[in-house]
Structure formats: structure tokens, C-alpha cells
Amino acid sequence: MLRIKRVPTVVSNYQKEEAEEGARRRGGCGRNCLNKCCIEGANLPLYLFKSVSKTETAKVVLEKENSEPPVAFLDSLLLGEWEDRMQRGLFRYDVTACETKVIPGEYGFIAQLNEGRHLKKRPTEFRVDKVLQPFDGNKFNFTKVGQEEVLFQFEASQDGEVQFFPNAPIDVENSPSVVAINVSPIEYGHVLLIPRVLECLPQRIDRDSLLLALQMAAEAGNRYFRLGYNSLGAFATINHLHFQAYYLAMLFPIEKASTKKMTSMDNGVLISELLKYPVRGLVFEGGNAIVDLSNSVSDACICLQENNIPYNVLISDCGKRIFLLPQCYAEKQALGEVSAELLDTQVNPAVWEISGHMVLKRKKDYEEASEENAWRLLAEVSLSEERFQEVSALIFEAISCGDIANGNVAENLLEAGVKSQALEEVNNAVNPSSCCTFVPGTQECLFLR
């Protein structure tokens, strides 16, 4: 069993107090939280978005719009409410005062000095060799956040029209999805999307949750507002299903990286491989409908989860481009294979760092930030070429089951020049008798050997 001493980022003002006060709670907790002790009769703002049907593209839905939405989702609602919480002093520090610069070089990595993010954290033992772990209600989770940290409920409209209710009851029976602040923000507008919060789902992607995240990105309608996901073992610190999101008005280095087409699926989804970037990964885009793109990526994520492979996801370009990034940094860290120099930086390379936004906790590291240093850190995150090909083969095995024409994925991979061993696995995958049969992972190692 691999364990690593983890100091989790505090994402709620009640997280650091939870262990201390748990023993003396009687009746209600007195925090006005989202748990059953406080939720009855509670009201929160409710935003109902126009969901895209399984046969409609986002473009078709936009063409059907005949009126302005009742509230500007990103500018007025999300960022406006976020600024309100900042004025009310709910954040642990002022992230807008953090120094930020673009590091000179070809890629333009972004460095931020965020000294407040690593202060006053409670230590815990965090297991890194299991991507899927059961939800534990005794540990901190998002039902314990105060209702004042929740910006609004985020749900699909039943009648196909965008609607906003400033003060709506919480439907406890149907477990709403909510958007809440991250009290230890990385950037302006840093929030958490928590799907079906009251169901207490563990940190694992499914089709519904990823589609919700893509719909939030589409609703924001701004390429500088991205969503990210960290699996367990890839620097998620809370085992309660959530995505992160924030606004940063510049392109991430990963968004500027070149790609090479690997395959296109019958549902219109194009899958490419990142090139000349320190972390190897796959890029998904296109699709006949938003559901096609979402299902292809979620099936790939489910494959990684079932095979015990940690990964990160970046949802970019208003939900139209998704980066899937399997990684191994925590495994190397637990095995003592990461240099002391990198460990001393205290940088946990999660989705934002992998995307090129380097959140640095020491002034020394910020002042000495260089493209070479950023590249050296991220290179430790990446799978080797051989492992990446093995993992890619598993992914294509999984998603090929959703392609209408068996053999389409394998044929396109052959044209792209995928290694013969990986291709053999994919060819086996598209055989009906073996479709969707995953090669099991182990707890002792994170990747198939």
C-alpha cells in the first residue's frame, strides 16, 4: 500500500474546524450547512440552463434562442456572486493580490505566487494507490460547507428555457447540483461544481457528471473560463465528486500545444495526441452533439478509473475541447523517485499546473521561475512513451464500444501509426466477444506493465 503525507488545501471555511468540533455536536450543527441537520426549509438561488438534447448540437440550440437569458451566467451570476463573497470576507486570502507573471519562453507558462494557499492546513494520511475509494461521511465533504459559500443551484430546465430564481427551495429528494466558492482560490472566480451534492458521490467521473461540467462551460460561453478535474491519486484532496473552475484571461500553454490526429469516431469526435508538451495526453473535440463528446471522454475516464490510473481533465474552449491527462507524479513521490529539489517547492501538479498555470508557494521559486524549471516538474508528471501507449490502448478499447462501426477506431489508429502492441489490444477490443473487457489494475502499481 502506497501512502503519502498529504496536506490538503482547505476548500471550505468549515473544513479545518470539522475534526475539532465533530465530537460536541448535538442536534443541529449551528453552521447552516448543506447536511440534513440544516437543509430542511433552506433556500438558494437556482439557475436552470437549457440542456442540449442527444440529437442537437450546441450550435442548433443557440440558433433557437429568441431572447436574452434572464441573467448573464458568467459575468452577473457566477462572478458577481463570487465577488459578493469576497466582499463578505469568506475567502482565506485575497487571490487578486497574488503576483502573477508569464514566464519567458516558447510556451508562456504562467507563474503565480500564492503563499497563503499552504497555510493553516490540517495534515492527513492520503492514499495514492487507489483511484476509486468509497465515500466516507466522517471525513470532510461538501455537505458540511456553509450555505453562504454556495453561490447557486445549477440544474437543467424541464421546459427547455433558461430561468433564474433568486430564492428557490432546495429539492432534497432530487439532490441538486450546486456551485460553491473555493475559499482557498487559485484565481479570480475560483469555484467548485458539485454534482448531486446530497448523494455524497465519491470522486469518480460518470457520464452525467461530465455532461453537467460541459454544460456549465457552454453556459459560461467564455474561452477563458475553464473547468478542471483531479482524480484521487492525481491530487484531488476531497473524496466527494467535484470539478473546479476559474477565470483567467490568457491562453494556457497546453491550449497552444500542437497535436496529432489519432482517430475520428463515427459520432464525429476527433481524438488527437499532444505533441511537444512535457505531459503526454489526449485531446477530444468535435462530436455530432455535446453528448457525443461528453460520452467519449467520460467512457475514457471510467476506463482509467477501473484500471486504477490517476488522471486529470481540463475542459477548455467553452466545453468544446477536452484534455485527458493520465499521470504518475504521486506514485513516484510515494516511491521516493522525485528529487528533493522538486519536493521542496511543495507544488502538487494537478490539472491547473499541468495545463501550464504554475501555482508557486515560495517567493524564491517565483523569482527563479523559468520555462526549464516548469518543464522539469511537469516531465515528472508524464507517463513514459511506452506506458502512454499502453494506457491509450485501454482507452480506445473502452470508447470503441460506443462507436457504431466496430473496427473504425482500430483502422484509424493504424493510419496514425500507433504501436503494434497497442493496436493489437484495440483490435481485440472491437471484437464483439471482448468489447468493454478491461484489463484490471492493481493496488501495488498504478499502470499495467
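Let's start with a strand pair: β6, residues 150–156, and β8, residues 178–181, pair in the antiparallel sense over three bridges. Strands here are DSSP E runs of at least two residues, helices are H or I runs of at least four, and both are numbered from the N terminus. Two strands pair if DSSP finds at least two bridges between them. In this pair, Phe 152 stands opposite Val 179 in β8.

A word on the source. This is a predicted model, where local features need pLDDT of at least 70, side-chain atom pairs count only at pLDDT 80 or more, and totals for chains, interfaces and linings use all residues. Residues are numbered from 1 along each chain as its sequence is written, and side-chain values use heavy atoms, with hydrogens and water left out.

Now the whole sheet. It is open, has twelve strands and mixed pairing, and runs β7-β2-β6-β8-β9-β11-β10-β15-β16-β14-β13-β12. β7 (163–169) and β12 (259–264) stand at the edges with a single partner strand each, so one side of each lacks a neighbour in the sheet.

Next, Val 269. Where does Val 269 lie? In strand β13, residues 269–274. Is Val 269 buried or exposed? Buried, with a relative accessible area of 0%. The cut-offs are under 20% for buried, over 50% for exposed and partly exposed in between, using a 1.4 Å probe and protein chains only.

Gly 286 is 17 residues from Val 269 in sequence, yet 4.8 Å away in space, C-alpha to C-alpha. Beyond neighbours within four places in sequence, Val 269 has contacts (heavy atoms within 4.5 Å) that include Thr 263, Phe 284, Gly 286 and Leu 293.
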